[in-house]
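Hello,

Here is the structure you asked about. Please open it alongside this message, and then read on for what turned up.

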Amino acid sequence: MQDYFSLFHLPEKFDLHRAALEAAYRNVQAQVHPDRFAHRSEAERRVAMQWATHANEAYRALRNPVERARYLLARRGMEIDAERNTAMSHAFLMQQMAWREAVEEAAGNASALQRLEQDLQRDEGVMLDDLQHALDDANDLAASAELVRRLMFMEKLRSEIDDALAVLDN
Amino acid sequence: MALLQLSEPGESTAPHQHRLAVGIDLGTTNSLVATVRHSLPECLPDDTGRILLPSVVRYLRGGATVVGTEALAAESTDPRNTIASVKRLMGRGPVDADPGMRARYDLVDAAGMVRINTVIGPRSPVEVSAEILKVLRARAEESLGGDLIGAVITVPAYFDDAQRQATKDAARLAGLNVLRLLNEPTAAAIAYGLDEAAEGIYAVFDLGGGTFDFSILRLSRGVFEVMATSGDSALGGDDFDELLAHWLHKQAAGADLDCGANRALLSEARRAKEALTTDASVVAKVPQLGGGVRTVNVTAEVFQSLTQGLVERCLQPVKKALRDAVLKVADIEAVVLVGGATRMPHLRAAVKTFFGRAPFTDIDPDKVVAIGAAVQANVLAGNRRADEDWLLLDVIPLSLGLETMGGLVEKIVPRNATIPVAKAQEFTTFKDGQTAMSIHVVQGERELVSDCRSLARFELRGIPPLVAGAARIRVTFQIDADGLLSVAAREQTTGIEANVTVKPSYGLSDDEVANMLKAGFEHATDDMKARALREQKVDAERLIEATRQALAEDADLLSLAEAQRIDTAIAALVVAREGVDHLVIKAAIEVLSAATADFAARRMDKAIRTALTGSRVDSL
């Protein structure tokens with residue numbers, strides 16, 4: 001099976017236009033989706049399922065910026081070992097603690113949680129810009145890897161905020 | 001050009017031959033069948049003109065079965081042998097069988113799925129459902145005048161793996177080739193979307209007799225993309241009937257009812273509920289023990305306040321799906337109502353209030369699912385018109401997880417992932433020389449295994465004996481386009497294919513289904529042979545046609561020797577097809593399938609390579 005970028009005929013870069021990815025994904029699914037082969041032979045149906053599965057996996061990975069960065073890094077020989085390698089700068093660790101405290105304080109308060117979520121999103125935006133530079137321009141794998149680990153933390157924190165908001169919703 | 005000769009004299013099928021395919025809505029309360037004829041979808045009536053077939057099966061002493069309206073009429077006189085709402089038991093085990101069904105029928109706990117004790121012995125929900133499907137199949141074949149190439153059967157989007165598998169087994173028992181299991185709200189979206197050429201984000205609110213589904217879809221440039229789905233597979237119109245029945249009984253201050261009177265009470269409650277759709281009040285005749293009735297007046301207000309809790313229960317999954325799709329109410333273009341139970345005015349009002357706009361109800365909520373399924377079946381059967389270029393991307397409704405230490409669940413495929421989807425996971429041994437291990441797959445969103453639904457336990461056997469931690473077993477969990485799970489395992493260091501023994505926690509084993517098929521034909525061996533022969537002929541026809549089409553398109557992908565091998569296999573199957581032995585045809589089909597396996601893979605490679613080049617880009 002082809003790598004995710006070749007599958008969609010897209011340049012292997014972090015910078016990626018969402019619309020181009022979406023169009024390419026739909027185009028590939030239009031060729032390979034099992035629904036196109038439901039009346040064909042079993043061999044063709046099996047191959048279609050494998051390709052459609054591959055296309056879904058590729059789309060899911062490239063759509064999410066952090067996943068996309070991890071994939072690019074893996075292809076350049078740098079695996080993000082998130083569980084074991086938690087080395088992050090002192091400043092970011094302090095920032096993490098501050099955020100965690102803020103989430104705990106905001107628990108039960110929807111507007112405070114939403115404000116916090118916006119702050120996180122803004123900071124994530126800055127990190128993503130840095131990540132694009134590190135990957136596409138500088139090819140600085142170590143710096144990219146650290147940014148990815150930071151962004152993974154941010155994602156986790158944001159899903160915790162989402163969970164807290166969901167509880168308030170019910 | 002030996003290849004071209006193949007599709008010449010006598011053998012060729014007409015290039016645009018219409019293949020007969022149907023969509024079937026196998027509902028809790030009613031079932032129906034629809035098809036596309038002359039480019040238009042239509043529901044097929046029985047010979048008295050009725051489209052809806054009540055999903056009721058009555059077993060008679062002596063072995064005969066009665067399905068539909070006639071069975072429904074016997075509900076209160078022969079309640080134990082007259083099975084209604086069997087969908088609520090599909091894929092259900094002893095612990096999670098619906099309590100209402102438990103009270104109504106003589107349920108027997110059996111491995112995999114409950115059985116219903118009837119006058120002719122225990123029947124599985126799969127067999128009962130198959131009786132309904134058989135009637136619809138016969139209706140379709142009679143009215144279309146030929147054998148069906150296949151059917152799309154709809155299932156609630158929120159059905160789990162066991163419930164889906166049970167539905168597919170029922171179709172198999174009924175002699176139907178399942179082209180696809182299609183989610184009911186998605187079917188409704190197809191029916192609406194193609195009608196209105198709609199673009200944007202749509203919500204489908206589907207309250208049937210026994211299940212509730214809520215799906216959010218994005219329609220754009222011919223692609224139906226399900227963004228999120230949620231629901232409650234044990235909430236439906238039946239629950240409204242039960243609450244009203246309970247209230248009526250209390251008002252009439254009668255003694256406890258027997259089984260037959262209870263069923264009469266339930267159907268009276270249903271009648272009252274339906275009348276309240278248009279009337280402000282209705283007089284219900286509440287059956288009494290030992291015969292006779294007492295009249296009770298029910299107003300719409302009373303019914304509303306009785307069932308307000310159920311209406312609110314519907315809104316929880318709605319909120320969950322919106323959160324999952326990261327959408328707000330304002331992002332929803334329109335809401336489509338599906339299912340007979342959405343006729344209730346207070347439910348409509350609640351949906352309207354929540355979404356801030358009146359829902360779509362243009363297509364009859366009882367028929368819209370079957371119509372969507374028929375449209376999909378027509379396309380899947382290969383009857384797609386040149387201008388009909390749409391694609392459906394559906395999702396898995398519930399997360400798939402594995403049991404880890406301490407009874408916790410590790411999620412491997414998240415809910416709302418687009419199907420087909422696969423996940424590979426690596427396992428290792430924890431003891432020296434360990435040659436087997438077991439893996440427990442569950443479905444659900446909770447963190448504890450005990451709170452999720454157990455799907456299957458897999459035994460991996462034949463692991464090469466190595467020191468602890470040295471063996472690396474890669475297990476692939478594949479969910480196909482029907483939302484059904486399959487598992488494969490391979491030991492990585494030695495490349496040995498580990499043996500996977502699947503023990504489904506629910507459902508029937510392949511052997512059980514085979515036995516049921518056989519039992520169904522015990523008294524009619526000739527009939528069975530005739531059917532097997534017809535089925536193999538249809539399969540042979542389909543394969544020959546598909547292969548010829550593939551050859552016509554991509555013969556250049558084959559070496560001369562390969563092309564000759566396929567040639568020979570086609571010729572052999574053409575001869576075998578004319579014979580009377582279904583086993584000979586089956587063998588010839590297998591030879592041709594094997595001969596074309598590589599060809600299929602190469603064709604797909606080519607399709608991908610050209611996917612983004614040439615004129616095809618413009619067509620999307």
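**Polar contacts and the A/B interface**

Between chain B and chain A, 11 residue pairs are in polar contact, both residues at pLDDT 80 or more. Bear in mind that this is a predicted model.

Which part of chain B gives the most to the side that touches chain A? Helix α15, residues 582–609, with 11 residues. By class, that side of chain B has 25 nonpolar residues, 16 charged and 9 polar.

Now the interface as a whole. Chain B brings 50 residues to the contact, and chain A brings 35. The area buried between the two chains is about 3800 Å². Carbon and sulfur atoms give 56% of that area.

Salt bridges come next. There are 4 between chain B and chain A. One of them can be looked up directly: Glu22(A) pairs with Arg218(B). Their closest N and O atoms are 3.8 Å apart. That pair counts as a salt bridge because the cut-off is 4 Å.

**One residue in chain B**

Asp387(B) sits in a loop of chain B, between helix α11 (368–383) and strand β19 (391–393). Is Asp387(B) buried or exposed? Its relative accessible area is 60%. Exposed means over 50%, so Asp387(B) is classed as exposed.

Best wishes

Conventions
Residues are numbered from 1 along each chain as its sequence is written. Chains are lettered from A and ligands numbered from 1 in the order in which they are written. This is a predicted model: local features need pLDDT of at least 70, side-chain atom pairs count only at pLDDT 80 or more; totals for chains, interfaces and linings use all residues. Side-chain values use heavy atoms; hydrogens and water are left out. Contact means heavy atoms within 4.5 Å. Buried area is the accessible area (1.4 Å probe) that two parts lose on being put together, summed over both. A salt bridge is a side-chain nitrogen of Lys or Arg within 4 Å of a carboxyl oxygen of Asp or Glu. A polar contact is a pair of N or O atoms within 3.5 Å; within protein, one must be able to donate a hydrogen and the other to accept it, and residues adjacent in sequence count only if both atoms are side-chain atoms. Helices (H or I, at least four residues) and strands (E, at least two) are DSSP runs, numbered from the N terminus. Ala, Val, Leu, Ile, Met, Phe, Trp, Tyr, Cys and Pro count as nonpolar, Asp, Glu, Lys and Arg as charged, and the others, Gly among them, as polar. Buried means under 20% relative accessible area, exposed over 50%, partly exposed in between (1.4 Å probe, protein chains only).
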